Amino acid sequence: IIAVLVLCVITIPYYFTQNIKYGMDESVNRTLYLNEKFIFFISAAVLAVGFVGFIIFLIANMKKQVELKDNKSLIVPLAVVLLSVISCLLSADIFTSFYGYLDRSEGMLTILGYWGLFAAGMTVTADDRRIKLSDFIVGIGAFEAIVGILQAIPATAKIVPNYFKEIFSGFSSGGMTYTKEYIATGFLCTPFALAAVLTVISAFALNGMLYDDKKVRKIFYAISLALMTAADILACVVPAILGLGAVYVISLMIAAVKSGFAKDKKPFIACLVAFIVAGGIFAGLFASNEFRLMDEKIIFHDSFDRLSITGTGRGDDTEQWIYPYLWDDGMYTAEQNLIWGTGPDNWGTIFESGAIIDRSYNEYIDLLQSRGLIIFALTIVFLIMTIVKMCKLVAGFMKDKNSWTGCAVSAAVFCYLIQAFFNISSVTSSPYFWIAVGLVWSFTAVKSSAKKKS
């Protein structure tokens, strides 16, 4: 809970200092803003809470709350970490690969932080603790959703800071030009990060609303889910709609099967109503032309204006959809650096291969191009093992062998993996995914016989 709170709070100063000047870089005649200092606190926070996560994991192992001998498959993520170190050391820019580049900050240290959060999530073996953690995470999702909604309303957007209030649109005789666009990001830096975070948290909110016994929690989760649904739509990017839709569809399928086992139709009906209402709102906005997808503009505004690391757009006049266009770049870079990749977050080598930006906006291709085929294959093996555990959790939920939290974390992880085909990992969104993965593994952290004795 403390780790999640830190990850939520640490991004706020980055927003409120974006227009505060603190000096001038005389070498390039560039004004320096205070937010450039605060962005490093975010990656430092991920590393810090990840380090604490490893310590918690070791303590849990000493107290027999997590049994390493019963989790020999942890050798796979351990191999991923060790081989990632090799990928970093073989990088053309070891310093950048180790620390990460500027606002991306996804170097080797951040990767360690992610796995530390996975380890911390794996230690939450008591179901009442999982529910408390779920309450807190859903609260954070509601908070980020409220901020995102306020950012997307013209009247309130003036007072709520946002890096995507104005989108770069080109050059004119007077310099760079921008168009006003009210896009939800929460305090997560980008709409893509908001999409990833709300995908994970919406799964907790929807399943808690359907299956928890306490009325107050049901109401809180229902209100939070409504807010997150609205914010997701206002993010104006494909992964937001895809992730949200996946949460509703998968949860509806589980509720339909569960109603056949339990003979209780209420969760299925409630999920169906929520799905219809959300779909109706989206259809209404789409029909009125109020809804728009701005993926390409957001991608280039983020890399060019917010991060200042790329050009202003494509290098040709092709009308190909932006995602396959970037995927082609990513796959070409991966082919050129097949075994060990470019090294974590080594944007320089990626640009040298001809890519127009440093991300392919497909997490799987990004993993392949940055850390190579061996680590990619091991990560896929790890994800398959996780999916197998998720299927067992859902099957156990159908037979009332475990609570709704197993169903929630399974839906959260699976839906994140779906939207990841059109998204990137980031220090503001990926931690929530790795905590959720850790929670999936927490159900098998100790043998059932040991649980009964304790």
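In the predicted model, Ser134, Ile137, Val138, Gly141 and Glu144 of helix 7 meet Leu194, Leu198, Ile201, Phe204 and Ala205 of helix 9. By class, this contact of helix 7 with helix 9 holds seven nonpolar, two polar and one charged residues. Helix 9 spans residues 191-211, and its axis comes within 9 Å of that of helix 7. The two axes cross at roughly 135 degrees. Angles over 145 degrees would count as roughly antiparallel, and 65 to 115 as roughly perpendicular. Helix 7 and helix 9 are therefore oblique to each other. Their crossing is left-handed.

Helix 9 also packs on helix 12, which covers residues 266-287. Here the axes come within 9 Å and cross at roughly 140 degrees. That angle makes helix 9 oblique to helix 12. The crossing of helix 9 with helix 12 is right-handed. On the helix 9 side, the contact is made by Leu206, Met209, Leu210 and Tyr211. Helix 12 contributes Pro267, Ala270, Cys271 and Ala274. The class count for the contact of helix 9 with helix 12 is eight nonpolar, no polar and no charged residues.

A further packed pair is formed by helix 3 (residues 35-62) and helix 6 (residues 108-122). Their axes lie 7 Å apart, at an angle of about 40 degrees. Roughly parallel packing would need an angle under 35 degrees. Helix 3 and helix 6 are therefore oblique to each other. The crossing of this pair is left-handed. From helix 3, the contact uses Ser43, Val46, Leu47, Val49, Gly50, Gly53, Phe54 and Phe57. These residues meet Leu109, Thr110, Leu112, Gly113, Tyr114, Trp115, Gly116, Leu117, Ala119, Ala120 and Met122 in helix 6. The contact of helix 3 with helix 6 divides into 13 nonpolar, six polar and no charged residues.

The largest pocket holds about 920 Å³. Its lining comprises 29 residues. Tyr33, Asn35, Tyr163, Asp305 and Arg306 lie nearest the centre of this pocket. Two or more lining residues come from each of helix 2 (12-16), strand 2 (30-33), helix 3, strand 4 (175-180) and helix 13 (295-306). By class, the lining of the largest pocket has 15 nonpolar, seven polar and seven charged residues.

The second largest pocket has a volume of about 700 Å³. It is lined by 24 residues, with Ile1, Ile56, Ala120, Thr123 and Val124 the closest to its centre. At least two residues of the lining of the second largest pocket are supplied by each of helix 1 (2-9), helix 3, helix 6 and helix 7 (127-152). Helix 3 gives the most, with six residues. The lining of the second largest pocket divides into 16 nonpolar, five polar and three charged residues.

Three cavities of 30 Å³ or more occur in the structure. The largest cavity contains about 510 Å³ of space. Of its 26 lining residues, Glu363, Leu367, Arg371, Ser425 and Trp434 are the closest to the centre. The elements that give two or more residues to this lining are helix 6, helix 16 (363-398), helix 17 (404-419) and helix 18 (430-442). Helix 16 provides the largest share, nine residues. By class, the lining of the largest cavity has 14 nonpolar, five polar and seven charged residues.

Helix 3 packs against helix 6, gives two or more residues to the lining of the largest pocket and supplies six to that of the second largest pocket. Helix 6 contributes at least two residues to the lining of the second largest pocket, and two or more to that of the largest cavity. Helix 7 crosses helix 9 and also takes part in the lining of the second largest pocket. Helix 9 meets helix 7 through residues including Leu194 and Leu198, and helix 12 through residues including Leu210 and Tyr211.

Notes
Residues are numbered from 1 along each chain as its sequence is written. This is a predicted model: local features need pLDDT of at least 70, side-chain atom pairs count only at pLDDT 80 or more; totals for chains, interfaces and linings use all residues. Side-chain values use heavy atoms; hydrogens and water are left out. Axes are lines fitted to C-alpha atoms, for helices over the stretch in contact, and angles run from 0 to 180 degrees between N-to-C directions. Helices (H or I, at least four residues) and strands (E, at least two) are DSSP runs, numbered from the N terminus. A crossing is left-handed if the near helix is turned anticlockwise from the far one by less than a right angle, and right-handed if clockwise. Contact means heavy atoms within 4.5 Å. Ala, Val, Leu, Ile, Met, Phe, Trp, Tyr, Cys and Pro count as nonpolar, Asp, Glu, Lys and Arg as charged, and the others, Gly among them, as polar. On a 1 Å grid over the protein atoms alone, a cavity is a set of points where a 1.4 Å probe fits but cannot get out, and a pocket is an open set with protein on both sides within 12 Å along at least five of seven lines; lining residues have an atom within 4 Å of a point. Grid points are joined across faces, edges and corners, and a volume is the space filled by probe spheres set on the points.
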